[in-house]
Number of protein chains: 2
Amino acid sequence: MTDSQRISRLANTVPPFHVMALLERAQQLAAQGRDIIHLEVGEPDFPCPSPVMAAARHALDLGQTRYTPAAGLPALREIIAADYRDRFGAQVDPARIVVTPGASGALQLALGALLDPGDGVLLCDPGYPCNRQFVRMFGGVPQPMPLQASTGFRPSGDILRSAWGETTRVALVASPDNPTGNRIPAGELNDWARWCRERQGTLIVDEIYQGLCYGAEAETVLAHGDAAWVINSFSKYFGMTGWRLGWLVAPAGAVPAVERLAQNWFLAPGTVAQHAAMAAFSEDTLAIAEQRRQLLARRRTLLLEALPGMGLPVVGDSEGAFYIYVDVSAHTRDSFELCRRLLEEAGVAVTPGLDFGEAHLPERYIRLAYTCDEERLHQALERLARFLERQ
Amino acid sequence: MTDSQRISRLANTVPPFHVMALLERAQQLAAQGRDIIHLEVGEPDFPCPSPVMAAARHALDLGQTRYTPAAGLPALREIIAADYRDRFGAQVDPARIVVTPGASGALQLALGALLDPGDGVLLCDPGYPCNRQFVRMFGGVPQPMPLQASTGFRPSGDILRSAWGETTRVALVASPDNPTGNRIPAGELNDWARWCRERQGTLIVDEIYQGLCYGAEAETVLAHGDAAWVINSFSKYFGMTGWRLGWLVAPAGAVPAVERLAQNWFLAPGTVAQHAAMAAFSEDTLAIAEQRRQLLARRRTLLLEALPGMGLPVVGDSEGAFYIYVDVSAHTRDSFELCRRLLEEAGVAVTPGLDFGEAHLPERYIRLAYTCDEERLHQALERLARFLERQ
């Protein structure tokens with residue numbers, strides 16, 4: 001009876017993350033006593049910053065575990081707005097900020113508020129794999145925007161304009177992005193957003209890696225205007241992954257509808273998480289985040305200096321986030337198979353290109369996340385070098 | 001520019017909770033120094049149980065704030081399965097349990113895994129208002145199942161079978177339910193689930209008020225078979241509202257697809273919330289929950305004894321949850337207007353019938369939530385009596 005039950009097309013066609021199969025195998029190997037170096041996880045090895053933890057404890061002491069308003073604690077929305085002003089010089093009315101269960105919740109709200117069935121959404125290929133599933137949730141049509149290796153998989157205004165079609169309603173761009181770490185200047189993003197608006201369309205800018213920039217200042221499209229919708233998260237820069245808290249910035253006119261959707265879909269984001277996040281923009285937390293950014297910068301340099309000499313050219317800028325997208329085509333025609341063997345034979349877990357789209361020749365690429373310390377990265381590079389020598 | 005932006009039909013047509021306008025006005029009045037008695041909120045006045053809080057603190061001490069697997073901590077899934085066995089005599093494989101961001105997340109997963117656009121979903125009218133919005137999210141068609149006041153708004157196998165139409169794929173029933181507190185015997189629910197299965201359809205049973213029963217034992221449809229999908233929550237019985245944690249029990253064959261959806265949509269439920277919930281089924285927490293159930297039972301009795309004598313007959317059993325659905329048609333033709341005046345003139349906030357559906361003559365009803373203590377309930381009854389005398 002169980003297996004004969006009809007499952008939706010949505011559920012039947014949602015692809016697994018390919019890295020999950022590798023992760024499961026990595027766990028098996030670890031259980032057998034193998035030492036596995038994890039370069040596949042999009043979660044740094046740093047603990048949640050102590051001021052954030054202290055704020056969480058304080059909330060528990062005060063018994064703050066009841067429902068909050070659907071759009072989040074007013075005080076948290078104020079603090080986020082103040083941070084836009086203080087760190088980025090952007091004027092954002094707190095009323096435009098909706099706190100959400102992770103950036104995932106923010107993306108669901110944004111696309112739910114913008115898409116009718118059949119509407120097209122431009123998605124970078126390569127890009128974050130879950131985006132496609134949010135588009136499909138609402139009957140939207142993912143329209144892959146294949147980027148070119150020759151330009152480091154960087155999107156551009158020209159690519160956006162020529163990809164925008166009859167049915168396109170939304171374009172989604174991340175800066176810094178996943179998997180390449182590319183950054184797009186915020187002023188340019190605002191131009192794109194205005195261009196989309198002129199077509200009654202919308203640019204959504206994913207800024208969840210905001211702050212994690214190397215060699216350039218962190219920025220926001222919101223400092224240049226209010227044409228774009230923005231999603232953000234406490235997960236990455238503020239080290240709050242497991243708290244599942246993010247936010248959406250939408251135009252004032254759209255917020256009442258967005259809030260009603262949030263009421264119905266989420267009731268509210270987690271309460272202790274929100275109180276914890278109140279400490280995210282404190283001087284102490286920002287100092288910790290900056291120290292960590294500097295550590296990540298060293299790890300990044302370490303990899304960027306070593307990889308090309310191993311016949312592993314890096315694609316894109318790797319200027320932000322904590323990812324490096326690597327061309328392995330000199331060693332294999334099937335990067336997924338390379339990932340599998342790298343795990344089995346060398347004990348190094350990485351993510352295959354296939355998880356980031358099908359249109360950009362993903363079989364040529366793997367993604368490395370520098371989310372473990374320099375000693376482990378050195379070990380990983382040694383294992384990688386030995387593995388490649390044996391090919 | 002902002003206001004001219006096109007918003008989706010979904011966002012344009014999502015109705016507000018009518019109680020929210022009343023809540024906002026209640027806050028204004030409170031800010032003016034008025035004493036408002038809150039009988040509108042679906043959240044009891046009890047704090048989160050101390051063993052749950054202690055488990056949350058312990059998780060913070062151990063730094064447990066990183067991502068968990070998408071389906072939740074394996075240990076938590078095991079504990080939920082053990083509780084099904086210990087308290088309800090139900091055999092549920094932990095692999096069938098997916099931990100979610102609130103029961104909201106569970107409902108989103110269940111409907112996303114079951115609905116194709118155009119599929120019909122039978123929803124009780126009166127019933128929980130957000131259900132319609134989850135159906136619409138996936139392009140499904142809410143099919144209201146108007147229940148009869150003459151039978152206390154109780155659904156029945158006959159009503160279900162006659163409402164099931166050509167396009168119906170899913171029926172959603174809560175037990176105990178909101179807003180009437182009606183219970184449906186679990187064995188009967190299982191029969192309905194089997195009947196739905198025979199039509200390649202699915203019965204989803206909402207058991208989020210499980211445990212909150214008066215005069216009958218708490219039960220689960222899962223003790224009678226595995227034909228139904230079940231959603232549940234730590235919010236109500238375990239007093240964990242702001243932690244936003246629930247779960248879904250799905251047939252084994254559907255779980256891999258459900259897990260992939262959860263990976264893409266949520267990444268994972270909140271980590272500290274999950275560790276806190278590990279203490280929900282402990283002997284100490286269950287003892288606290290039982291004490292609270294007894295307090296709720298006294299509040300319920302207090303209201304049930306007083307209301308009919310005030311010309312306010314109660315509809316339905318009020319056998320579970322913490323709601324009483326009251327017929328106010330002897331006093332008004334417009335229960336929403338009554339709610340508004342009750343707030344303004346008597347300082348008592350209640351929920352209008354309109355929030356629970358449009359097909360059951362909602363203008364005749366209001367919902368009282370006995371989520372404040374007996375002293376406040378006495379005050380509320382006095383205010384209500386004086387208000388009605390003035391009519």
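This is a chat about a predicted model with chains A and B.

User: What should I know before reading the numbers?
Analyst: This is a predicted model, where local features need pLDDT of at least 70, side-chain atom pairs count only at pLDDT 80 or more, and totals for chains, interfaces and linings use all residues. Residues are numbered from 1 along each chain as its sequence is written, chains are lettered from A and ligands numbered from 1 in the order in which they are written, and side-chain values use heavy atoms, with hydrogens and water left out.

User: How many residues does each chain give to the contact?
Analyst: Chain A gives 76 residues and chain B gives 76 residues. Contact means heavy atoms within 4.5 Å.

User: And how much area do chain A and chain B bury between them?
Analyst: About 6500 Å², with 53% of it on carbon and sulfur atoms. Buried area is the accessible area (1.4 Å probe) that two parts lose on being put together, summed over both. In chain A, the residues that lose the most area to chain B are Arg6(A), Tyr67(A) and Asn264(A), together 12% of what that side buries.

User: How many salt bridges are there between chain A and chain B?
Analyst: Eight. A salt bridge is a side-chain nitrogen of Lys or Arg within 4 Å of a carboxyl oxygen of Asp or Glu. One of them pairs Glu43(B) with Arg66(A), and the closest N and O atoms are 3.9 Å apart.

User: Where do Glu43(B) and Arg66(A) lie?
Analyst: Glu43(B) is in the loop between β1 (37-38) and α3 (50-61) of chain B, and Arg66(A) is in the loop between α3 and α4 (74-88) of chain A, so the pair joins two chains. Helices (H or I, at least four residues) and strands (E, at least two) are DSSP runs, numbered from the N terminus.

User: Is Glu43(B) buried or exposed?
Analyst: Glu43(B) counts as buried, because its relative accessibility is 7%. Arg66(A), at 32%, counts as partly exposed. Buried means under 20% relative accessible area, exposed over 50%, and partly exposed in between (1.4 Å probe, protein chains only).

User: Which salt bridge does Arg57(B) form?
Analyst: Arg57(B) pairs with Asp61(A), and their closest N and O atoms are 3.4 Å apart.

User: Now inside chain A. What does Arg298(A) pair with?
Analyst: Arg298(A) forms a salt bridge with Glu374(A), with the closest N and O atoms 3.3 Å apart. Arg298(A) lies in helix α11 (residues 283-306) and Glu374(A) in helix α13 (residues 374-389) of chain A, so the pair ties together parts that are 76 residues apart in sequence. Arg298(A) is exposed at 52%, while Glu374(A) is partly exposed at 22%.

User: What about Asp317(A) and Arg154(A)?
Analyst: Their side chains meet in a salt bridge (2.4 Å, N to O). Asp317(A) is in the loop between β9 (314-315) and β10 (323-327), and Arg154(A) is in the loop between β4 (141-146) and α7 (157-163) of chain A, 163 residues apart.

User: Changing topic: where is Leu212(A)?
Analyst: Leu212(A) sits in the loop between β6 (202-206) and β7 (229-233) of chain A. Its relative accessibility is 3%, so Leu212(A) counts as buried.

User: Which residues does Leu212(A) touch?
Analyst: Not counting residues up to four places away in sequence, they include Pro176(A), Lys236(A), Tyr237(A), Leu296(A) and Phe322(A).
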